[in-house]
Structures are given as structure tokens and as C-alpha cells.
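Okay, let's get started. Today I'd like to walk through a protein and a DNA strand, and then one part of the sheet. Have a look at this.

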Amino acid sequence: MPWRVGPARRSAGERPDPYRVWLSEVMLQQTTVAAVREYFRRFTARWPDVAALAAAPDADVMAEWAGLGYYARARNLLKCARAVVADHGGVFPDTAEGLRALPGIGPYTAAAVAAIACDEPAVVVDGNVERVVARLWAVRTPLPAAKPELVRLAGRLTPALRPGDHAQAMMDLGATICTPRNPVCALCPVSEFCDARAEGIAADLPRKAPKAEKPQRLGFAYVAVDAQGGVLLERRPEKGLLGGMAGFPGSVWDTAPAPAPPFAADWREAPSAVRHTFTHFHLTLRVFVANVGGAGFTPRADFHPAALPTVMRKVWDAAQAVLVPQRSV
DNA sequence: CAGGCGTGGGC
DNA sequence: TGCCCAAGCCT
């Protein structure tokens, strides 16, 4: 990964920049490396250190995070950066315990940053490590009940020397070889020590509690565009789904919402509804469009669909089918 | 403390 | 296609 410090520079005594390690680890929470790479590049180009990020306007950071998901991470990212500047002189704490006290840094991220950036032999346990350890010791207890046991076992493997490299090696092993389905045991460097492999149950571990079915929800979204191409946007409340992000006005999203246009107009329905799946429900949005102006519209020059969360970008895309073409300003 | 909280990719 | 999920945290 581009933000890593390679072995040559490591052996020269160079440590990774804690700011970059922290930023990458927060972005990687529940998110794949492929999805993170470009976001990491843009964030570090625009805000090269924690002081620069701390000084950034909220809306700029939320817009840059748009599309990456779990937007509470972006809100906590800013809170954390500002806390580091305000309470720690602009320097990240150099222990897992100190890091853990900051917003958006939980047990995993605190341990990962401490191990990678500070050489602290912290026990780093993410989903990959849980899987690798559960297989090595053939732990049959389902998650999340097995978590404390898996942390204990992971601690047995954690070395005093190069704990950061160890943590990343464990996670890379889980991401590339000891995968959730079809683990490639033939390529695994520790297959001879793996109890699950010996028992022929590697692919069945770790066991997990069954997940609840996602309910269907419905909603109405309204795209108003004025004669100059300006659009009506609103900022969503700080807490809850898509908190703090920009979006189009609309109804609540539940089983039988009432239409909720922001004002009376000749609303025309887009031919195709938007379908989108969130963590805990499926959503179908009917999209309505009107070519009208009004107060508070965002000028076309300030409107960037890429700064919208993905579900809202889908609404914008669906609206194009019934938008009267605008003359460019 | 179980559930809320996004998204894109892989199979 | 639809379902699985991925380097979790917060309340």
C-alpha cells in the first residue's frame, strides 16, 4: 500500500508518519484497500498534516469523504484532528491507551497505530486477525462471543520486535490467503500450524451469529433545478444516517411514507426509481423533478455530484432523464 | 450492549 | 442477480 514505509527505509530507522497511519486506518475501518486508495491520496494531497486537516471547514472534509461511507468516521476524523491540535500540541499520543481516548479511535485503530507508528507491541485484532486466529486454533465458538478468546490467542503471537510489521502481515494474510471463503491453504506460510486446516474445517471458521434480514423501505426525493442550473440541497442532521452530508430534500424513509415535496410545483416523476442498500435496510426512492427557481438554491458552479453520498448521487443520475436541458452559465 | 451506521466488489 | 461481506466505532 502506498502509505507504507518499505523495509529499506524502515531499517534506516524511519517510522511511518502517525498522521498518515491514523488516516489510513480510519479509512480502512470496514472498507477495502481498493476503495480507500484514491481517497487517501486526495486527503493527504489536500491536507498533508494533522494541523491542516484540523483547520479545514467541516463541509470540505465531508465533501471529500463523500462516497466512502460510514460518515460518522469523517465527523470523528475532524474531531480527532482538532483534539490532537488543541489538547496534544499537534502531536498524536504515542501509546495505544492515549490514542484510544480520541474520537473515532477504538481498540483496533489504537492498537494498529501504536504498533505501526510507535513500535508498541499492541495486540492488533481486526476481522482478518479474528479469522486467521480462529482457524489456527480451530476456535468453534461463534463471534462475537469468541472475541475475548481470539484477542487472547492473538496476543500469544504478538512479538516485541517489529509489532507493526507483524500486525500488517497478519492482516495481509487474512486479506489475501486466509480469506473468508475458499482460503488458499496451499499458499499459506503457516498451514502446518493450523488446527482448522488439519481438521478440514478452515473454510467453516470463524462461525458467526446469523444476521437479521434487511427490511424494505420506501421514500420520495425531490430534485429542483432553476434556470441557471442551480439545485436545491439540504444538509442532513449531524446524527443518524448520512449525518452531516448534503442531499436532496425528501420524505422520511420507511414502510409507507407520505410524499413530501419541499414546495408546490409541477413535479414530474423520473422513469426509474433509485434502489440502494444500506447496512440494515433496502431502500427504493421515487425521484421527482421540477424546473423551478427559489431562494437558497446552490449555484451550479458550487454543485458537485461527487460531493454527495452515493444514494444521493443515484438520485441526481435518475433525475437527468426528466430534466430540461440547461444552458451552461 | 445489540443495533445503527455505507459502499463497492466478489462470487 | 442477490447476497456475502471489509483493516470498527459509538451509544
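So, DNA strand B: 19 residues surround it, and the closest are Tyr71, Leu242, His276, His280 and Thr310. Being near here means that a residue has a heavy atom within 4 Å of the strand. Of the atoms of DNA strand B that come within 4 Å of the protein, 60% belong to sugar and phosphate.

Before I go on, the bookkeeping. This is a predicted model, so local features need pLDDT of at least 70 and side-chain atom pairs count only at pLDDT 80 or more, while totals for chains, interfaces and linings use all residues. Residues are numbered from 1 along each chain as its sequence is written, chains are lettered from A and ligands numbered from 1 in the order in which they are written, and side-chain values use heavy atoms, with hydrogens and water left out.

Which classes make up that surface near DNA strand B?

Now the polar contacts, meaning pairs of N or O atoms within 3.5 Å. Tyrosine 71 has a backbone N or O atom 2.7 Å from a phosphate oxygen of DNA strand B. Helices (H or I, at least four residues) and strands (E, at least two) are DSSP runs, numbered from the N terminus.

Let's follow S5 into the sheet. A four-residue hairpin takes S5 into S6, and the two pair antiparallel over four bridges; pairing needs at least two DSSP bridges. His276, one of the residues closest to the DNA, stands opposite leucine 283 in S6.

And S6, residues 282-290, is mostly covered, with seven of its nine residues buried, that is, under 20% relative accessible area with a 1.4 Å probe, protein chains only. S1 (residues 216-224) runs parallel to S6, joined by nine bridges, whereas S4 (residues 268-269) pairs with S6 in the antiparallel sense over two. Where do they meet? Valine 289 in S6 is the bridge partner of valine 223, and also of arginine 268.

Notes. A polar contact is a pair of N or O atoms within 3.5 Å; within protein, one must be able to donate a hydrogen and the other to accept it, and residues adjacent in sequence count only if both atoms are side-chain atoms. Buried means under 20% relative accessible area, exposed over 50%, partly exposed in between (1.4 Å probe, protein chains only).
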